Amino acid sequence: DAHLDEERVSPAEASGAAVIYNRFASLSVEQQRQKLPAFKHRNHILYLVESYQTVVIVGETGCGKSTQIPQYLAEAGWTAEGRVVGVTQPRRVAAVSVARRVAEERGALLGHEVGYSIRFDDCSDPQATRIKVTHDLFVLMLDEAHERTLHTDMAIGLLRKIQKKRGDLRLIVSSATLDAEKFRDFFNANETNDSSKDTCAILTVEGRTYPVDIFYSLSPAPDYVKATVDTVMKIHQNESEGDVLAFLTGQEEVENVVSMLVEQARALSRSGLKKHLRVLPMYAGLPASDQMKVFERVSHNCRKVVVATNIAETSITINGIVFVIDCGFVKLRAYNPQTGIESLVVAPVSRASAAQRAGRAGRNRSGKCYRLCTEETFGTLSESTVPEMQRSNLAPVILQLKALGIDNVLRFNFLSPPPAQAMVQALELLYALGGLNEHCLLTDPLGLRMAEFPLNPMYAKMLLESGNFGCSEEILSIAAMMQIQNVFVVPPNQKGPAAREHRKFAVAEGDHITMLNIYDAFIKAKKSSQWCLKYFLNYKGLVRATTVREQLKKLLSKFKVPKNSCEGDPDPILRCIVSGFFANAAKLHYTGAYRTIRDDYELHIHPTSVLYGEKEPKWVVFNEVVQTSRYFMRDVTAIESSWLVELAPHFYQQGTVSTVPSAFLYNTYNGDFHLYVYLVCSQALCFHFIC
């Protein structure tokens with residue numbers, strides 16, 4: 001079961017164990033399974049699962065823990081009498097790949113005995129599936145727990161609570177890094193240090209690793225994207241056989257590097273170099289068919305270069321990788337509770353992540369890792385990555401915990417407790433959205449319904465309100481399009497033509513209506529790939545949007561939200577967007593930048609927005625913030641300031657004096673009137689929260 005919103009980001013791009021390199025492909029399936037390092041520990045694993053409620057298994061990617069342990073449990077009878085073994089994965093790619101491989105090894109059809117369930121896609125049979133994440137479990141395996149995603153940490157806290165009630169529930173926590181003691185101490189409900197009362201044990205499964213030589217830059221690379229391309233080409237021209245894996249921070253960088261390498265490879269081919277390059281991208285939002293290309297073998301006169309995000313750090317083992325290029329950075333979500341802004345930040349990797357990346361080069365034979373930083377800089381990196389729970393907007397977490405019956409979130413057992421101010425901010429936002437009442441409980445029906453959407457609470461509120469604004473059909477399309485990353489395709493050698501075609505869909509209202517225009521035009525063109533090629537649009541992304549829209553439509557039908565259309569009138573759509581995203585509002589400052597209304601925080605319109613470089617609207621709402629050289633708003637829409645007061649009167653007030661005694665006031669000036677922003681929930685929620 002993959003939880004993360006990976007179409008937009010892989011926050012973690014963000015994205016688990018996935019496909020295992022198989023050098024024994026010529027052997028029978030059973031012989032291949034016996035060659036995996038996990039096989040020699042089969043009986044130990046089964047014994048520990050029988051003897052302890054929780055087993056922490058530490059094993060390198062490639063040792064077989066993800067694909068084999070569920071099968072060992074099934075073979076030992078844990079799936080008898082309709083019981084289910086569940087496996088969670090923090091990434092969509094990993095969930096599908098593991099399920100596919102396990103089904104193949106068991107000679108079963110995917111979706112029958114072995115299935116998977118990811119966001120907007122359930123491939124399983126309630127009657128037949130025995131290895132899958134579902135509601136009726138006897139053994140649950142949390143794979144790749146070291147990634148410490150929001151959902152993994154939340155599941156760990158919930159499962160510790162559940163195990164106290166269900167002594168028969170067995171939990172396996174799988175990790176690729178040596179942080180097993182933290183998990184063991186968390187699950188051991190033993191305050192007397194009496195080992196005979198331990199409920200959790202640790203088992204280490206060694207992987208197949210070879211020495212990896214590490215090389216550092218002599219001086220810092222001013223542009224790691226260009227440095228990555230240069231390093232790949234030097235390896236190709238000077239090193240012996242072996243494929244290359246290059247790590248970058250996100251989809252846009254991956255696609256840029258792929259394009260540059262393809263151009264350089266063509267130039268080399270024309271110059272007479274006999275050895276060819278096969279350059280392939282790998283990131284979470286890539287269609288499944290393209291993802292699987294990285295595992296295909298290449299001919300002897302060809303070198304494969306995989307350009308990937310950190311999905312390839314521990315998620316996958318790719319055949320033939322000998323050289324790794326580590327840009328030294330990763331894209332992470334970072335939440336600032338002082339400003340209430342969650343942004344995507346390109347940050348230095350941790351030393352633990354860098355070690356994982358280097359390890360990709362030592363799976364088949366001795367390898368080399370090129371780090372695009374100096375050795376001195378590497379020594380200053382943090383030991384490990386901060387868990388998502390301590391650097392994310394917690395509104396989705398609290399909404400889910402409340403829906404699961406955890407009313408007192410303060411006393412919830414977090415593996416890594418989040419900052420108190422982040423908790424308060426999340427409670428305030430959910431209260432402002434109408435998801436929580438003054439007693440900090442889920443509202444009925446709005447809060448309960450919001451919790452059922454696999455989306456940010458702001459999107460959920462916008463969708464649930466769409467029927468009241470008479471534009472549910474349009475809002476469905478917009479919400480689906482917002483889950484797709486990089487709708488626009490910009491080939492490096494056709495930037496001018498691409499920009500001209502993209503402008504045909506742009507409107508002064510901003511990005512949301514522009515995305516709606518693209519979706520409607522795509523449907524009108526009968527989902528034609530040739531039409532997408534003509535207008536430089538991401539065909540597979542748009543197809544994905546149609547699937548997401550259908551899933552969201554089913555949820556709206558379930559909640560009896562009226563199906564209606566505004567018939568081309570943009571105002572109802574814009575007002576509906578404000579009803580969900582009013583907290584993300586900003587106004588144009590005389591300096592030319594934007595300022596958030598609540599905290600007076602400086603933001604700028606992202607260069608990919610259709611509003612960038614145009615006449616700036618005075619007031620906007622935005623979906624998210626990306627930090628590079630500055631803080632940029634992404635997915636921006638122009639609004640009227642009066643809509644904020646009208647649609648969120650509990651959050652914004654027009655006037656000169658606030659009469660709300662418990663308010664925190666934020667005063668901004670807009671020409672001929674003052675706009676006060678107040679949060680009536682702050683004092684009440686803080687008091688209730690602390691108590």
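How many disulfides does the structure hold? I looked for pairs of cysteine sulfur atoms within 2.5 Å and found zero disulfides. Cys369 is in none; its nearest cysteine sulfur, that of Cys373, is 9.2 Å away. Cys566 is in none either, with the sulfur of Cys471 nearest at 5.5 Å.

A note on the source: this is a predicted model, where local features need pLDDT of at least 70, side-chain atom pairs count only at pLDDT 80 or more, and totals for chains, interfaces and linings use all residues. Residues are numbered from 1 along each chain as its sequence is written, and side-chain values use heavy atoms, leaving out hydrogens and water.

I checked burial next (buried is under 20% relative accessible area, with a 1.4 Å probe and protein chains only). Cys369 is buried at 0%. Cys566 is buried at 12%.

Then I turned to Arg170. I found Arg170 in strand β6, residues 170-175 (strands are DSSP runs of E, at least two residues, numbered from the N terminus). Arg170 is buried yet has no salt bridge (a side-chain nitrogen of Lys or Arg within 4 Å of a carboxyl oxygen of Asp or Glu). Glu50, the nearest side chain of opposite charge, is 5.4 Å away. A polar atom of the Arg170 side chain lies 3.2 Å from the backbone oxygen of Tyr52.

Last came helix α14, residues 420-433 (helices are DSSP runs of H or I, at least four residues). Eleven of its 14 residues are buried, so α14 is largely enclosed by the rest of the structure. Among them I noted Met423, Leu427 and Leu430. Gly434 follows α14 with a positive phi, near 90°.

Key: Buried < 20%, exposed > 50% of the residue type's maximum accessible area, 1.4 Å probe, protein only. Lys, Arg positive; Asp, Glu negative; His and termini not counted. Polar contact = N/O pair within 3.5 Å; in protein donor to acceptor, adjacent residues only side chain to side chain. Expected span 1.5 Å × (residues − 1).
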